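Subject: Structure for your files

Dear colleague,

My notes on it follow below the display.

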Amino acid sequence: MEKWQAGFFAKTVADIINTNPKTVLPTTKISDIQKVMHKYKIHTVLVVDTNQHLVGIVDHYSCMI
């Protein structure tokens with residue numbers, strides 16, 4: 001929102017999506033997911049299977065539970 005300020009609400013999803021999100025496998029350790037989040041300064045990682053199909057989402061809060 002800060003990047004586009006007042007023009008943000010005129011943007012479409014296509015304007016703001018990340019087409020190369022960070023992904024992990026379901027077998028990835030939580031400590032490794034936290035390292036990915038810290039390295040890339042992100043709060044959410046997609047969990048995919050070996051065929052790159054989305055199976056879930058892990059966010060920073062989930063890693064703390």
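Helices (H or I, at least four residues) and strands (E, at least two) are taken here as DSSP runs, numbered from the N terminus. Please keep in mind that this is a predicted model.

**Overall**

On that basis, the chain has 3 helices and 3 strands. Their order along the sequence is α-β-α-β-β-α. The chain is more spread out than a compact globule, because its radius of gyration is 14 Å, well over the 11 Å that the globule rule gives for 65 residues. The C-alpha trace spans about 40 × 25 × 20 Å along its principal axes.

Buried residues account for 14% of the 65 residues; buried here stands for under 20% relative accessible area. The accessible surface of the chain is about 5,600 Å², and carbon and sulfur atoms hold 57% of that. As for contacts between residues at least 6 apart in sequence, 21% of them join residues at least 24 apart.

How are the strands arranged? The 3 strands make an open sheet in the order 1-2-3, with mixed pairing. Strand 1 (23-24) and strand 3 (54-59) are the edge strands, and each of them pairs on one side only.

Strand 2 (residues 44-48) and strand 3 run antiparallel and are joined by 5 bridges. Within this part of the sheet, L46 is placed opposite I57 of strand 3. The two strands, strand 2 and strand 3, form a hairpin with 5 residues between them.

From T50 to N20 the separation is 30 residues in sequence and 17 Å in space, C-alpha to C-alpha.

Q52 belongs to the loop between strand 2 and strand 3 as well. At 52% relative accessibility, Q52 counts as exposed, since the cut-off for exposed is over 50%. Q52 is not a glycine, yet its phi is positive, at about 65 degrees.

K41 sits in the loop between helix 2 and strand 2. With a relative accessibility of 73%, K41 counts as exposed.

**The salt bridge**

How many salt bridges does the structure hold? There is 1 salt bridge. The side chains of D32 and K35 form it, at 3.9 Å from N to O. D32 and K35 are separated by about one helical turn, because they are 3 residues apart in helix 2 (residues 30-40).

Are the two partners buried or exposed? D32 counts as partly exposed, at 33% relative accessibility. K35 counts as exposed, at 55%.

V13 is part of helix 1 (residues 13-16). Its relative accessibility is 60%, so V13 counts as exposed. Together, V13, I16 and I17 make a nonpolar surface patch of about 280 Å².

At the other end of the helix numbering, M64 is part of helix 3 (residues 60-64). M64 counts as exposed, with 59% relative accessibility. Between M64 and I30 there are 34 residues in sequence, counted as their separation, and 9.2 Å in space, C-alpha to C-alpha.

**For a look at the display**

- Q52 in the turn of the hairpin, with its positive phi of about 65 degrees;
- the salt bridge between D32 and K35;
- the nonpolar surface patch made by V13, I16 and I17.

A note on methods will come separately.

Regards

Note on methods:
Residues are numbered from 1 along each chain as its sequence is written. This is a predicted model: local features need pLDDT of at least 70, side-chain atom pairs count only at pLDDT 80 or more; totals for chains, interfaces and linings use all residues. Side-chain values use heavy atoms; hydrogens and water are left out. Patches are made of residues with over 30% relative accessible area and no salt bridge: like charges are joined within 9 Å, nonpolar side chains (Val, Leu, Ile, Met, Phe, Trp, Tyr) within 5 Å. Accessible areas come from the Shrake-Rupley method with a 1.4 Å probe; for residues, only the protein chains shown count as cover. A salt bridge is a side-chain nitrogen of Lys or Arg within 4 Å of a carboxyl oxygen of Asp or Glu. Buried means under 20% relative accessible area, exposed over 50%, partly exposed in between (1.4 Å probe, protein chains only). The radius of gyration is taken over C-alpha atoms; the globule rule is 2.2 Å times the number of residues to the power 0.38. Contact means heavy atoms within 4.5 Å. Two strands pair if DSSP finds at least two bridges between them.
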